[in-house]
Amino acid sequence: MVDTVVAVDAGSEVWGSAGLWGPYWSSTSVGALVYLNRESQGQIIKSARTTNAGVGWTLANINTDDSCYLCCFYEKELGATGAPIIHIWWMEEVNAIVKYASLNVSTGALSSTVTVATVATGTTSSLQHTKMYGCMLRDGSLMIGGTNEVIGTGTPFMYRSTDDGATWGGKTAPHITPGDAGILFPAATVDCGDAALIYWHRGTQLLSVMMYSLDTNLWTETTIETVVDMDFSLTPYNYFDGALRCTDGAIILAASDEVSSGVSNIQTWTILPTTI
């Protein structure tokens, strides 16, 4: 297959602030991706969808407000029972308002936009340091959290929806320091409403897994690695990523500690989040 242009001049926001998610496939021929468009073109969230295995792509707007961060979770990552739905969160840049919508990959249907919460007011949020993470849990609820860094100060937040994203309620947030980063996954506990956050502390360079208990609304932290030198606090890049193993709910994690050594040492871990 030859290279195919999906979007022309998408801009640097695609690689900055987690600005490109996907492609996600509902079949061998139907797929979609979501990205943060170029600032000069409105810096809005857009989707690109194909129905012919990537030969051609149709672009569509997901929102109309200037956005500074993007986070997605594909429901089929939960396994065979997952629907072909991309859950999409973004932050409105000026007033730091977190918003949500969903996209059906199979049909191309886009839900209405819902305001999750205003996480800071009165100033412009920082594109570079804002971190967000979201997922669907095994009980069907949705969670979105992160830290919005506004003029050097951080506002941690965590919200949960039990009605397919129509309404959201606040939960205890795990963030301590602005500039920390995380990836949120559904836990594999008996209580299907629990979550597992792969969490990197900028100050100590500690990489950990933080388990959220729905029953107690609290987080419990376990160290994965004491020092992983991937300080991306001055860049929008993420130096670690992970994916779910559908057979048992394990998290396959990879990270690069290339900042101080000058050598890209890639490490991997398999984490089974079954207990808190």
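Mentor: The protein has zero helices and 19 strands. The model is a predicted one. Of its 276 residues, 51% count as buried, and the protein exposes about 11700 Å², of which carbon and sulfur atoms supply 53%.

Trainee: What share of the contacts with a separation of 6 or more comes from residues 24 or more positions apart?

Mentor: Such residues account for 46% of those contacts.

Trainee: Why is the pair of Trp 25 and Trp 57 called edge-to-face?

Mentor: Two values decide the matter. The ring centres are 6.4 Å apart, and rings pair if their centres lie within 6.5 Å. The planes stand at 65°, and an angle over 60 degrees counts as edge-to-face; therefore the label applies to Trp 25 and Trp 57. This is one of seven aromatic pairs found in a search of the whole structure.

Trainee: What makes this a link between distant parts of the chain?

Mentor: Trp 25 belongs to strand β1 (residues 20-25), whereas Trp 57 lies in the loop between β3 (45-50) and β4 (58-61); the two are 32 residues apart.

Trainee: How do you know whether Trp 57 is buried or exposed?

Mentor: Buried means under 20% relative accessible area. Trp 57 has 19%, so it is buried. Trp 25, at 33%, counts as partly exposed, because that class lies between the buried limit of 20% and the exposed limit of 50%.

Trainee: Why is the pair of Trp 89 and Trp 168 given the edge-to-face label?

Mentor: The centres of these rings are 6.4 Å apart and their planes are at 75°. The distance is within 6.5 Å and the angle is over 60 degrees, so the pair is edge-to-face. Trp 89 is in strand β6 (residues 85-92) and Trp 168 in the loop between β11 (153-161) and β12 (169-170), 79 residues apart. Both are buried, and together with Tyr 100 they form one aromatic cluster.

Trainee: What makes strand β14 count as mostly covered?

Mentor: Six of the six residues of β14 (residues 195-200) are buried. In a regular strand the side chains alternate between the two faces of the sheet. On one side of β14 are Ala 195, Leu 197 and Tyr 199, and on the other Ala 196, Ile 198 and Trp 200; all are buried, and both faces are covered.

Trainee: How do you know that β14 pairs with β13 and with β15?

Mentor: Two strands pair if at least two bridges are found between them. Six bridges join β13 (residues 181-186) to β14, in antiparallel fashion, and six also join β14 to β15 (residues 207-213), again antiparallel.

Note on methods:
Residues are numbered from 1 along each chain as its sequence is written. This is a predicted model: local features need pLDDT of at least 70, side-chain atom pairs count only at pLDDT 80 or more; totals for chains, interfaces and linings use all residues. Side-chain values use heavy atoms; hydrogens and water are left out. Rings of Phe, Tyr and Trp (its six-membered ring) pair if their centres lie within 6.5 Å; planes under 30 degrees apart count as stacked, over 60 as edge-to-face and the rest as tilted. Helices (H or I, at least four residues) and strands (E, at least two) are DSSP runs, numbered from the N terminus. Buried means under 20% relative accessible area, exposed over 50%, partly exposed in between (1.4 Å probe, protein chains only). Contact means heavy atoms within 4.5 Å. Accessible areas come from the Shrake-Rupley method with a 1.4 Å probe; for residues, only the protein chains shown count as cover.
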